[in-house]
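Please open the model in your viewer and keep the sequence panel beside it.

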Amino acid sequence: VLDKTFKEAERKEIHKCKNVIELAFRNFASHISQECEDIITHNNIEKNKEFITDNITKLVSTEYYKLYSILSAYEINEVNVASKLKEEWIKEVADNIIAIVYAEQDAISRINQLNSRLLIYSCDYSTYINNKTFNT
């Protein structure tokens, strides 16, 4: 009976961790999207290019470390889930977001492309973390 109770608790913890991973990455994408949509629609992006690129890089870095903080609360098979994150994702996401913000398209197209790209990153990265955490 005790073994069954432990197995059930472990199963629930794994399910909870998977949900947290998915929600944390959605939150990561959502915060970046909201801020970048404001940048696209409310800033004179050409005159403020250096300031905006720095802010986008800092925004992505901040959201990455928030994600790290959330995931660091979980340990599966004696491995901290946050240890599976890759710091190079900061530069990858920031560079792509900056390229989209400065693309030669109208604001609506850039916002749509931004949201699509962030959704792809969110799905790719959360799948990577799930695979590295639960399939090794």
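Leaving aside its neighbours within four places in sequence, which residues is Ile 32 in contact with? Select Ile 32 and you will find Leu 59, Val 60, Glu 63, Val 93, Ile 97 and Leu 118 in contact with it, contact meaning heavy atoms within 4.5 Å.

Before going further, note that this is a predicted model, in which local features need pLDDT of at least 70 and side-chain atom pairs count only at pLDDT 80 or more, while totals for chains, interfaces and linings use all residues. Residues are numbered from 1 along each chain as its sequence is written, and side-chain values use heavy atoms, with hydrogens and water left out.

Next, select Glu 63, which sits in helix H2 (residues 49–71), helices being DSSP runs of H or I with at least four residues, numbered from the N terminus. Glu 63 is buried at a relative accessible area of 5%, where buried means under 20% and exposed over 50%, with partly exposed in between (1.4 Å probe, protein chains only). Apart from neighbours within four places in sequence, Glu 63 is in contact with Phe 28, His 31 and Ile 32.

Now colour helix H3 (residues 88–101) and pick out its buried residues, Trp 89, Ile 90, Val 93, Ala 94, Ile 97, Ile 98, Ile 100 and Val 101. These lie on the same side of H3, because they cover an arc of only 160° around the axis, the arc being that of the directions from the helix axis to the C-beta atoms.

Finally, go to His 42 in helix H1 (residues 2–42), which counts as exposed at 63% relative accessibility.

Note on methods
Helix = DSSP H or I, 4+ residues; strand = E, 2+ residues; numbered from the N terminus.
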